[in-house]
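Please open the model in your viewer and keep the sequence panel beside it, so that each selection can be followed in both. The tour goes from one stop to the next.

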Amino acid sequence: MKLILLGAPGAGKGTVAKLLTAIDGSVQISTGDILRGAVQAGTELGKEAEEYMKRGDLVPDSLIMGIMEKRLQEPDCEKGFLLDGFPRTIPQAEELKKLLERLGITLDKAVNIDVPREVILDRLCTRRTCENPECQAIYNVKSNPPKQEGICDKCGARVVQREDETEEAISHRLATYNEKTAPLIGFYEKEGLLLNVEAVSSDAVIEAIRKELGL
Ligand code: AP5
């Protein structure tokens with residue numbers, strides 16, 4: 001499947017993407033994970049992105065488009081891909097449309113995961129993430145804790161709170177989402193690609209996607 005996953009920070013895009021990969025081998029492409037990996041590795045990209053991310057601001061469109069143009073042409077994308085956290089602005093969506101046309105790729109849907117704000121705030125304060133850039137498994141101290149506290153079930157690395165998970169950065173990320181990313185819902189509706197799913201449970205989101213795509 002070839003999907004865009006839309007939704008506010010904490011809506012569950014990463015969690016749903018990881019579950020969807022098991023259905024047909026489509027790959028999860030998370031720009032957030034790619035950027036956090038680059039920050040941790042101290043690459044040029046990471047150095048450029050770090051300050052924006054800490055504040056909860058978006059990194060410049062030009063940086064993201066460069067990453068995605070390369071990533072979408074890697075062979076593992078042939079089976080399908082789940083875009084998690086991209087596009088994030090109208091210019092990114094417009095550039096993506098041109099890029100996909102150039103590459104001859106047709107999207108199945110842009111899925112908007114619509115979760116109430118109270119649920120989102122609660123989830124972001126209780127989320128924990130594996131610090132291994134190759135893994136970045138997602139946990140939640142309330143709904144999905146690792147078996148051994150602070151240790152990733154999958155790779156054994158430390159499970160930590162993300163740097164952009166301070167109260168200040170979270171509220172800034174939510175405001176940035178409302179201003180810059182929420183308009184993408186209307187963009188994809190006009191394109192005839194929008195699937196809006198109002199659901200708090202990830203299983204319900206997966207079910208709605210399966211039904212829509214006949215999987
Ligand atoms: P990014 O990593 O994309 O962060 P985000 O969009 O803010 O999304 P999150 O990862 O916070 O949330 P999610 O929806 O994936 O939720 P999750 O599944 O983890 O981006 C980080 C930063 O990178 C940005 O601020 C920006 O600076 C930069 N960036 C990235 N992409 C960019 C772009 N394209 N352009 C410019 N800048 C970009 O779930 C959250 C929690 O809830 C977890 O604890 C999870 O266990 C729990 N949970 C999830 N679903 C459920 C459920 N159904 N029931 C109970 N708990 C649940």
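Which residues of α7 are buried? Bear in mind that this is a predicted model, and begin by selecting residues 167-181, the 15 residues of helix α7, which reaches 20 Å from its first C-alpha to its last, close to the 21 Å expected at 1.5 Å a residue. Within this helix, colour Ala169, Ile170, Arg173, Leu174, Thr176, Tyr177 and Thr181, which are its buried residues. They lie on the same side of α7, because they cover an arc of only 160° around the axis. An α-helix has 3.6 residues a turn, so residues three or four places apart point the same way. Now turn to the other side of α7, where Glu167, Glu168 and Glu179 are exposed. To find what the buried residues of α7 pack against, show α3, β4 (109-114), α6 (117-126), β5 and α8 (183-190).

Next, select alanine 199, in the loop between β8 (194-198) and α9 (202-213). Alanine 199 counts as buried because its relative accessible area, 11%, is under 20%. Leaving aside neighbours within four places in sequence, alanine 199 is in contact with Ile113, Asp114, Val115, Ala204 and Val205. Of these, isoleucine 113 is 86 residues apart from alanine 199 in sequence, yet 7.1 Å apart in space, C-alpha to C-alpha.

For the last stop, display the second largest pocket, which holds about 380 Å³ of space. Among the 15 residues that line this pocket, Arg36, Val39, Gln40, Arg162 and Glu163 lie nearest its centre. Two or more lining residues come from each of α2 (31-41), α3 (44-55) and β5 (127-130). Coloured by class, the lining of the second largest pocket shows four nonpolar, four polar and seven charged residues.

Technical notes. Residues numbered from 1 in each chain as written. Predicted model: local features only at pLDDT ≥ 70, side-chain atom pairs only at ≥ 80, totals over all residues. Heavy atoms only, no water. 1 Å grid on protein atoms, 1.4 Å probe; cavity = no way out; pocket = protein on both sides within 12 Å on 5 of 7 lines; lining within 4 Å. Points joined across faces, edges and corners; volume = space filled by probe spheres on them. Helix = DSSP H or I, 4+ residues; strand = E, 2+ residues; numbered from the N terminus. Nonpolar A, V, L, I, M, F, W, Y, C, P; charged D, E, K, R; others polar. Buried < 20%, exposed > 50% of the residue type's maximum accessible area, 1.4 Å probe, protein only. Contact = heavy atoms within 4.5 Å. Expected span 1.5 Å × (residues − 1). Arc of directions from axis to C-beta.
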